[in-house]
Amino acid sequence: MATTKLGFIIQRPGYKSENQKLALTHAIASQSVEIYLDDDDEVICDVAFTGDGVLNCIKDQKALENYDLSSTESHIKMGLLCDLNILVCKEDLEKFGLSKSDIVIDAEEFGADVEVKVVPFEEINKMMDDVNHLLFF
Amino acid sequence: MGKLTIGCFSSLVGSMTLDWAVKLSGAAIEKGHKVDLWVSGNATMLSIQDQRAFKDYSSLEKPLKELMAKGLNVTACEACAEARGYNKDNTMEGFKRFSMDWYLASTFNADRVLHIGGE
Amino acid sequence: MKLVTFVSDYKINVDTLDRLKPEKLGIVLVENGVYHATTKENGNPSSLLNHSADYYVLLNDLETRGLTADDVIDSKVKVIGFGDIVDLIFNDYDKTAWL
């Protein structure tokens with residue numbers, strides 16, 4: 001059994017560019033990657049929001065109501081439903097005057113067991129050390 | 001020799017980043033490495049066949065076909081392509097189309113991954 | 001980790017590079033990132049050159065912009081080609097980042 005770990009680092013706000021949403025959809029695709037791999041091999045994706053990228057996590061996004069498009073918020077929730085490890089940089093939230101109560105934390109309505117973790121950048125650095133490959137968005 | 005997986009999300013026309021990624025792919029193949037090139041988002045424009053080559057716009061069909069003949073493995077995100085009206089019938093010969101998990105699978109046994117996704 | 005980063009813009013809108021703590025850092029200036037190697041603003045070289053890192057600039061992207069190896073203002077920036085980038089990726093670093 002072998003595992004490859006990928007770290008998705010989202011550093012920019014979304015909507016003007018689709019890449020931040022694509023980061024999440026690619027990470028969520030780790031749920032079906034086994035069709036290409038041998039039994040017991042896996043790809044695990046961790047996602048971290050840093051810098052201006054933490055703005056993607058503000059809750060109550062109404063992209064569907066305004067543009068008939070799924071929101072980044074809904075993709076974060078999907079990520080939680082798929083048990084992705086999703087980290088948000090604490091210092092960057094604070095820089096914008098935001099706290100845990102302003103951002104997407106859980107996806108209880110979808111039945112997700114895991115929650116978004118607000119962590120110091122130091123922990124995101126550790127995650128980047130720990131993974132095999134980095135993908136910056 | 002190793003395996004390099006390159007992911008690129010930049011548009012073919014309107015950016016030179018795909019030109020850059022294809023150049024790097026060629027250099028890696030010249031050195032005997034295996035290269036997987038994944039294009040997603042706007043970069044799926046690369047997959048369309050018979051794009052007219054003007055000198056004012058990036059046009060990569062010719063170098064891409066030469067590199068594919070040397071073993072370059074190129075795959076487009078199927079959903080990203082379909083969302084832009086790029087379907088199977090207008091896809092360049094030899095260009096594969098798969099869902100996003102293909103890219104993750106390519107990274108599984110890659111020695112190095114270069115992901116060009118910041119925009 | 002040993003990280004090679006690719007800087008492709010002259011004005012960078014992310015501060016990630018300032019916050020990374022790799023044991024070894026390489027910075028490859030490509031596309032519009034090459035101006036960091038050649039340009040002074042108000043007499044000052046780019047602050048991007050202040051990192052503790054090995055620096056490289058891609059000759060093809062210099063020449064495309066009307067610049068040459070002689071325009072590189074800091075001798076610590078090594079002028080390289082695509083083949084050299086491949087060697088850096090495979091031989092000198094274990095992870096890459098396109099910022």
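Of the 99 residues in chain C, 38% are buried; a residue is called buried if 20 or more other C-beta atoms, placed from the backbone, lie within 10 Å of its own. The model is predicted: local features need pLDDT of at least 70 and side-chain atom pairs count only at pLDDT 80 or more, while totals for chains, interfaces and linings use all residues. Residues are numbered from 1 along each chain as its sequence is written, and chains are lettered from A and ligands numbered from 1 in the order in which they are written.

Chain C contains 4 helices and 7 strands, in the order β-α-β-α-β-β-β-α-β-α-β along the sequence. Helices (H or I, at least four residues) and strands (E, at least two) are DSSP runs, numbered from the N terminus. Along the principal axes, the C-alpha atoms of chain C fill a box of roughly 35 × 30 × 20 Å. Among contacts in chain C with a separation of 6 or more, 60% join residues 24 or more positions apart; two residues are in contact if their C-beta atoms, placed from the backbone, lie within 7 Å.

Between the other two chains, 24 residues of chain A are in contact with 18 residues of chain B. The elements below each supply at least two residues of the side of chain A that touches chain B.

| Element of chain A | Residues |
|---|---|
| Strand 1 | 3-10 |
| Helix 1 | 19-28 |
| Strand 5 | 133-136 |

Helix 1 of chain A gives the most to this side, with 5 residues.

Definitions and conventions: Buried ≥ 20, exposed ≤ 12 C-beta atoms within 10 Å, placed from the backbone.
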